[in-house]
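Have a look at the sequence and the model, then read on.

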Amino acid sequence: MQDTSKQYDAVIDTCKSLFIKKMSDYGSAWRILRLPSLTDQIFIKAQRIRGLQENDVRKVDEGEVSEFIGIINYCIMALIQLEKGVVEQPDLTTEAATELYEKQVDTTKKLMQDKNHDYGEAWRDMRVSSLTDLILQKLLRVKQIEDNAGKTLVSEGIDANYQDMINYAIFALIHLNEQ
């Protein structure tokens, strides 16, 4: 699991670096996005990954890696929105947004470590395409929970689904890096 922790951190370093650069370019304009909008952005990225995995021809010169990074960053933004709420105007400095980002990563990484302990790193034997399908399934679950005004009877909430998507996307990136 030590390798997993280091690999996880390396993926997050790449994602966080891009997040910070985009904060410098755009500020925290994403803070106006409601959760369904963020969910739809993640859905678009996951659908594109699935298309790249199924289609022989690519018409845009961007592969799976950038899309998985986008899924991770949008999920972290969604978790921040869940915690802070949606605003009418951008309200976070790069430093404040980075602190919130790191807080969500810490919580999500701890979840990954706990699940990895219990599941024995089963994800290492999974295909990237299966991780993509699991992300899409989680997205459909989130959409249903959103349609139910955030209420569930017996299931995990939206936050747990975003955290799982982050972890699945990180696992996919680790696999892609090892190929």
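**A first tour**

Ala149 sits in the loop between helix 5 and helix 6; helices (H or I, at least four residues) and strands (E, at least two) are DSSP runs, numbered from the N terminus. This is a predicted model, in which local features need pLDDT of at least 70, side-chain atom pairs count only at pLDDT 80 or more, and totals for chains, interfaces and linings use all residues. Residues are numbered from 1 along each chain as its sequence is written, and side-chain values use heavy atoms, with hydrogens and water left out.

- Most residues other than glycine have a negative phi.
- Ala149 has a positive phi, near 55°, and is a residue other than glycine.
- Ala149 has a relative accessible area of 60%, so this residue is exposed; buried means under 20% relative accessible area, exposed over 50%, and partly exposed in between (1.4 Å probe, protein chains only).
- Glu121, not a glycine either, has a positive phi of about 55°.
- The loop that holds Glu121 runs between helix 4 and helix 5 (128-147).
- Glu121 counts as buried because its relative accessibility is 17%.

**Where helix 4 meets helix 6**

- Helix 4 (residues 94-119) and helix 6 (residues 158-178) have axes that come within 10 Å and cross at roughly 70°.
- On the helix 4 side, the residues in contact (heavy atoms within 4.5 Å) are Thr107, Thr108, Leu111, Met112, Lys115 and Asn116; from helix 6 they meet Gln163, Asp164, Ile166, Asn167 and Phe171.
- The contact of helix 4 with helix 6 is made by four nonpolar, five polar and two charged residues.
- Here Ala, Val, Leu, Ile, Met, Phe, Trp, Tyr, Cys and Pro count as nonpolar, Asp, Glu, Lys and Arg as charged, and the others, Gly among them, as polar.

- Asn161 belongs to helix 6 and is buried, with a relative accessible area of 2%.
- Leaving aside residues up to four places away in sequence, Asn161 touches Lys138, Arg141, Val142, Ile145 and Glu156.
- Gln47 is found in helix 2 (residues 35-54) and counts as partly exposed, at 39% relative accessibility.
- Gln47 and Glu67 are 20 residues apart along the chain, and their C-alpha atoms are separated by 9.6 Å.

**Cysteines**

- A search of the whole structure for disulfides (pairs of cysteine sulfur atoms within 2.5 Å) finds zero.
- Cys15 is in no disulfide, and its nearest cysteine sulfur, that of Cys75, is 11 Å away.
- Cys15 is buried, at 0% relative accessibility.
- Cys75 is buried as well, with a relative accessible area of 0%.

**What the record says**

- In an unreviewed UniProt entry, the annotation "domain: Nucleotide modification associated" covers residues 22-82 and 115-176.
- UniProt positions are given in the numbering used here, feature names are shortened, and annotations may be inferred rather than shown by experiment.
- Residues 22-82 are 72% helix and 0% strand, with end C-alpha atoms 21 Å apart.
- Residues 115-176 are 71% helix and 0% strand, and their end C-alpha atoms lie 21 Å apart.

Technical notes: Axes fitted to C-alpha atoms, helices over the stretch in contact; angles between N-to-C directions.
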